[in-house]
Amino acid sequence: MTYEIALVLGIITLAVVLFVSERLSIDTVAILIMVLFMLTGVLTPAEGFAGFSNPATLTVAAMFIVSSAIFKSGALNSIGIILTRVGRKNYLLCLLFVMLISGALSAFINDTAVVALLMPMVIQVSKDIRVSPSKLLIPLSFSALLGGVCTLIGTSTNILVSGIAQAQGEEPLGMFEFTPAGICFLLVGIAYMFFVGRHLLPNRKLAEDLSEDFNLGQYLTEVVLLPDSPSVGMPLEKTGLVQNLDVIVMQVTRRKKSVPVSPSLVLEANDVLKVRCGVEKLKMLKEEKGIKLKSERKFHDDSLHLNDSKLYEAIITPNSYMEGKSLKELDFRAYNHGASVLAIRHRDAIVNEKPGHIKLSAGDVLLIAASQSQAEKLRKNDDLLIISQTEHRPFNYGKIIPVLTVSVAVVAAAATGLIPIVLSAMTGVMVLILLKCIRMDEAYKAIDWKVIFMLAGVLSMGTALEKTGAAKLLADFLIAGVGDHGPHALMSVFFFITFMSTNFMSNNATAALLAPIAIVTAHEMGVSVRPFLMAVTYGASLSFMTPMGYQTNTMIYGPGNYRFTDYLKVGTPLNLLFWLLASIILPYFFPF
């Protein structure tokens, strides 16, 4: 082993540790590793930064924009309406339709967008048929992952592996090359969930209202500020009520008229403040100077209808700017026009005492009190997804036909080999912008920049492995251990290592790490590269055992009120089933 190989393996080991620990975001780790390769001289700056101009990175960015244009046009609303109508028949029919629709859409549209579109509808249908959302949301996410492996554009991982193959002199993967095996995985996955998986899903109790669901044993109290109150003449955020007692001020009534609540609102004598607090804080309020308690009662959903305020559930979307920050740091109320966060479902715990101090993560569910106008503004916030009330995006008939036409043309041009997928996708984006189906600022927002930077970073791992000979060293190690059993066994090992790794670190990082090794292994054994590449590609996307294995699994974690063990219980048998299935069908569809 040379010094360079040892250095590369050491840096990659560091990357794996950081990916698994989640101490840093995935994109930060990817860029850090890329920079380390260049600083240590393993890669030149040109080689290190090549990931930003790689066709895979550019294609993924373009497909984010195309998916967003489809989503914004309202073209998918009719599908959601069908799901809502059919799903209300019974649970089994609903389960089947959820998985079929999610799988079909995810083959062509970004799976995160598909889950974001269908999740509010699935939650509403589950309440209509008196079934816990936990019985439907894991099937929704799993089928989105399964649909993603049916086409080249189904997930960024497919495009990434195709780019790695092309960079190493192999034929790029075709648009529908994934389809035959992908459909097998999809159908087997649906059958598993229908006959076995649904019995393993948790049945979390349905709460009567959102306040009960979030364990809000709290009080809603009206407080009158007397003229001698220290809070009179002070901005709301500076008052002792907020600073010392940490109560949440829901509404302020002044001279019988409601005034907009904001941190900078200066309080006046005789203002009536509607506040939420626990029993202990209520006792302290009673003793506070210059305060008179006008009323106190137990907190319920129906008690928030003053001035059209209601309760809403919203989740922090993947790659939201809110990740890693607290509500206090974000100045949530000021930024969201006075809407108040009453509680947070964070991982397995519900936080309703000092929710403003909790560091937020993707998938966290916020319980928000907001008026109808505030809720409309929240719906336009791409960093939050309201899931408690379904409102169909309006149809934009002037955009639906051109958006769908362009999208079909993008797929057809790439599938027929007329032009490469990167050029097809970029051309489609420019046509959509010129036709005003999506604005330039919307296009920039549509791109998940964390994914783009992460892809650019992880591509450097493959380059470093191939350049230094580390990929050959690891391939020789695998051949020495398993090679005697033939390429079939080695391919099966690659699938196993990939799906196990992707449950604990990024699927794209896993694919970028293992794809170069798979290519070298095939060359060393003198067999076709295709079955090994496909084992890595499918294995990287079939991630069911953990909530952090894939973004959609993270998205449903809070809304489904799941626990980590739920994924293990439902996902482990499915992953093992797919390992067996892949070992049988991949050599058939992709001969050695």
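A residue counts as buried when its relative accessible area is under 20%, and in this predicted model F532, with a relative accessible area of 0%, is therefore buried. F494 is buried as well, because its relative accessible area is 1%. These two residues form an aromatic pair, edge-to-face, with 5.8 Å from centre to centre and 85° between the planes. The pair joins distant parts of the chain, since F494 belongs to helix α22 (residues 487–502) and F532 to helix α24, 38 residues apart.

A search of the whole structure finds 17 aromatic pairs. In one of them, the rings of F185 and Y538 have centres 5.1 Å apart and planes at 50°, so that this pair is classed as tilted. Here too distant parts of the chain are linked, with F185 in helix α10 (residues 179–200) and Y538 in helix α24 (residues 530–541), 353 residues apart. F185 counts as buried because its relative accessibility is 0%, and Y538 does so at 1%. Both rings also take part in a cluster linked by ring pairs, whose members include F142, F178, F495 and W579.

Leaving aside neighbours within four places in sequence, M461 is in contact with I12, A15, I33, F37, A509, A512 and L513.

How values were computed. Residues are numbered from 1 along each chain as its sequence is written. This is a predicted model: local features need pLDDT of at least 70, side-chain atom pairs count only at pLDDT 80 or more; totals for chains, interfaces and linings use all residues. Side-chain values use heavy atoms; hydrogens and water are left out. Contact means heavy atoms within 4.5 Å. Rings of Phe, Tyr and Trp (its six-membered ring) pair if their centres lie within 6.5 Å; planes under 30 degrees apart count as stacked, over 60 as edge-to-face and the rest as tilted. Helices (H or I, at least four residues) and strands (E, at least two) are DSSP runs, numbered from the N terminus. Buried means under 20% relative accessible area, exposed over 50%, partly exposed in between (1.4 Å probe, protein chains only).
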